[in-house]
Amino acid sequence: MAADSNLQVKLSSAMRKNWWKIMCTVLLSYTFFAGLLFNVPQLPQLEETIRNLYFHVCMWFAMMILFTASVIYAVRYLRTTNIRFDIYSRQFAAVGILFGVLGYATGIVWMSYTWADPNNAAFVSYGAVAKEPKLIGTAIALLIYLAYFILRGSIIDLDKRARISAVFNVLAFTLLFPTIWILPRLLPSLHPGREGNPALNTNDVDARMRIVFYPAIIGWTLLGVWITSLKIRITLYTDQKLLKA
Amino acid sequence: MKGILLLVFFSSLFFYATGQSAPLQNGGIDHLMRSNGRIFVVVSVMLVILTGIIFYLIRIERKIKRIEKDAV
């Protein structure tokens, strides 16, 4: 009996700590289920590929949110000089890049059968796709974040590395504004929604899609946070050993 | 090994992109991708994400294995 209640306490504390992992699983299951089966608006250029909104677009949202978390921890490091925050900041940036690369990779597949599809009435040449401001802007943004890792790798001293890379992280985040938020809204683009807030404008995205899209963003972001938390735990463990040795 | 896996992953993306060079072709993967309202484009996008995340998790797992070895 005692062991039983003990187990219950353990289970409930695990639930309290890990509720967001359960939420991530539930939301992503919902994304895959509803994303493939729910009704979507029928557009001749997109047909069923419009469902990529729940996958391709969510990658970019997750990337932005993870980069935001990264810059928050960079600033917290600068305020407290606690090396923990430096580790958090680094790992959030790393997983942010993962989602950025996945956004690119999924974009390649999607555009191959929509914009750059010769069988499509609205065919656009590869040259026109390459001029797409969102492609160039995000490429620059991702390269800046890759430079962040080059910078980190080139400094051996722990405190110096943490301080310089935290400052660079703030710069990298600031450069997200022109590259992925301002420029794509100013230049002609194949991506829809540049007149307002792409994908968040309620007049732009059909209500049937929003009930899947918003949970999908949260689900994918939580998956990113989950992966990040594992990476953070590994780094904290190895660094502890380093400091003890 | 990791390099080979990454190479396979990224070259599979160009496999999708080769649809452009042969317009109005009606065979093989291209035909499949355009059937049923191009739903298979969504399926491939989902597979790309899944593959990417699993590769990333394998990398993390390798790191953990190395740490476990050091701990013993």
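A disulfide is a pair of cysteine sulfur atoms within 2.5 Å. By that cut-off, this predicted model holds 0 disulfides over all chains.

**Cysteines**

- A disulfide is a covalent bond between the sulfur atoms of two cysteines.
- The sulfur of Cys58(A) has its closest cysteine sulfur in Cys24(A), 12 Å away. The cut-off is 2.5 Å, so this pair is too far apart for a bond.
- Cys24(A) is buried, at 1% relative accessibility.
- Cys58(A) is buried too, at 0% relative accessibility.

**A salt bridge between chains**

- Glu47(A) and Arg38(B) form a salt bridge, and their closest N and O atoms are 2.8 Å apart.
- This pair crosses between chains. Glu47(A) lies in the loop between α1 (2-37) and α2 (56-80) of chain A. Arg38(B) lies in the loop between α2 (28-34) and α3 (39-71) of chain B.
- Arg38(B) has 5%, so it counts as buried.

**Salt bridges within chain A**

- Arg51(A) and Glu48(A) meet through their side chains in a salt bridge, at 2.8 Å from N to O.
- Arg51(A) is buried, at 6% relative accessibility.
- Glu48(A) has a relative accessible area of 19%. Buried means under 20%, so Glu48(A) counts as buried.
- Arg208(A) pairs with Asp206(A) in another salt bridge, with the closest N and O atoms 3.0 Å apart.
- Arg208(A) is partly exposed, at 39% relative accessibility.
- Asp206(A) is also partly exposed, with a relative accessible area of 27%.

**Aromatic pairs**

- Trp60(A) is buried, with a relative accessible area of 15%. Tyr104(A) is partly exposed, at 25%.
- How do the rings of Tyr73(A) and Phe92(A) pair, stacked or edge-to-face? Their centres are 5.7 Å apart and their planes lie at 10 degrees. Planes under 30 degrees apart count as stacked, so this pair is stacked.
- Tyr73(A) is in helix α2 of chain A and Phe92(A) is in helix α3 of chain A. They are 19 residues apart, and the pair links distant parts of the chain.
- Both Tyr73(A) and Phe92(A) are buried.

**An aromatic cluster**

- Which residues form one aromatic cluster? Its members are Phe32(A), Tyr54(A), Phe55(A) and Trp220(A).

Key
Residues are numbered from 1 along each chain as its sequence is written. Chains are lettered from A and ligands numbered from 1 in the order in which they are written. This is a predicted model: local features need pLDDT of at least 70, side-chain atom pairs count only at pLDDT 80 or more; totals for chains, interfaces and linings use all residues. Side-chain values use heavy atoms; hydrogens and water are left out. Buried means under 20% relative accessible area, exposed over 50%, partly exposed in between (1.4 Å probe, protein chains only). A salt bridge is a side-chain nitrogen of Lys or Arg within 4 Å of a carboxyl oxygen of Asp or Glu. Helices (H or I, at least four residues) and strands (E, at least two) are DSSP runs, numbered from the N terminus. Rings of Phe, Tyr and Trp (its six-membered ring) pair if their centres lie within 6.5 Å; planes under 30 degrees apart count as stacked, over 60 as edge-to-face and the rest as tilted.
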